Amino acid sequence: MNLWVIQSLNSLALGGVLFILAAGFSLIFGLMRIANLSHGAYFMLGAYVGLSVLRSGASFVVALLAAGVAVGCLGAVVERVVLRRLAGNPLSQVLATLGIAFIIADFCLWYWGGDPQPVSPPALLAGAVRVFGMAFPLYRLAVLLMAIGVALLLWLLLEKTRIGMMIRASVDDMQMARSIGIPAPLLYVLVFSLGTALAGLGGVVAAPILSVYPGMEADTLPLALVVVILGGLGSLFGAFVGSFVVGFIYTFGQVLLPDLAYIILFLPMVVILAARPRGLFGRITA
């Protein structure tokens, strides 16, 4: 019983991290139709930026904000300078994002070194709580609350603001959205910047759980891809549900059958996509 309870809580914590990462990927993929293969690299870069800010003596909240702003600004530059010049050429865009991922990964390795670097949770969340008589890190439960908070803020942005209305209209029918005057180029840079900022923020959130190390992007990007494809293109709710489904499958797969963890993860995705090619909550888009 202890095993099941602890691993279930670990699954919720991993699902929270995956949602913060995959929400940005889903926004970019849903609006711009770009499979942003550099998304995991932004996640890793955010973790390293947060690590540097924490070592300077700043608080964890400042590290979160600094990583989100820094990585979001980098994403805006990449969209304006690189991806916009490749508009209409999806293969070149995918190749460009893959190249950017390699550049960021090599930069992190050169600047911060190749050793894994642990990150302590904020002092307020450094303790443990008793769950069914067992001690469990308080920070991991806080990650779940952070993910729910991010989900609520994104829902408010997409459903209750004018910018969100334009994003949803563009996801559903880009040609019609442009014909009624929605500024697609501005939306592109805003969405790409927001998506990368969420990845950077997610890196800081994940750092006390995963530590910070070269190769973070290679470990997390496949999970984000599975979440987005499983949940459905352009669906925030799908990304939320898919994150926790993947969190549970991957956590228990590693514990019960570590040699088959990726088979256990990808096989249900293949079965679900065979039955629902648009994912669990995907919609038909024009």
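## Nonpolar cores

A nonpolar core is a set of buried Ala, Val, Leu, Ile, Met, Phe, Trp, Tyr and Cys residues joined through side-chain atoms within 4.5 Å; buried means under 20% relative accessible area, exposed over 50%, and partly exposed in between (1.4 Å probe, protein chains only). This structure is a predicted model, in which local features need pLDDT of at least 70 and side-chain atom pairs count only at pLDDT 80 or more, while totals for chains, interfaces and linings use all residues. Residues are numbered from 1 along each chain as its sequence is written, and side-chain values use heavy atoms, with hydrogens and water left out.

The largest nonpolar core comprises 65 residues, and Phe-19, Tyr-42 and Leu-154 have the most contacts inside it. Helix H8 (residues 184-210) gives the most to this core, namely eleven residues; helices are DSSP runs of H or I with at least four residues, numbered from the N terminus. Another core, of 14 residues, lies apart from it and includes Leu-14 and Tyr-250.

## Helices H2 and H8

The axes of H2 (residues 39-55) and H8 come within 7 Å and cross at roughly 55°. Axes are lines fitted to C-alpha atoms over the stretch in contact, with angles from 0 to 180 degrees between N-to-C directions.

Tyr-42 is among the H2 residues that meet H8, where Phe-192, Thr-196, Ala-199 and Gly-200 are among the partners of H2. Beyond its neighbours within four places in sequence, Tyr-42 is in contact (heavy atoms within 4.5 Å) with residues including Val-71, Ile-100 and Phe-192.

## Salt bridge

The count is one salt bridge, defined as a side-chain nitrogen of Lys or Arg within 4 Å of a carboxyl oxygen of Asp or Glu. Arg-84 and Glu-79 form this pair, at 3.1 Å from N to O. Arg-84 is partly exposed at 29% relative accessibility, whereas Glu-79 is buried at 2%.

Terms used:
Helix = DSSP H or I, 4+ residues; strand = E, 2+ residues; numbered from the N terminus.
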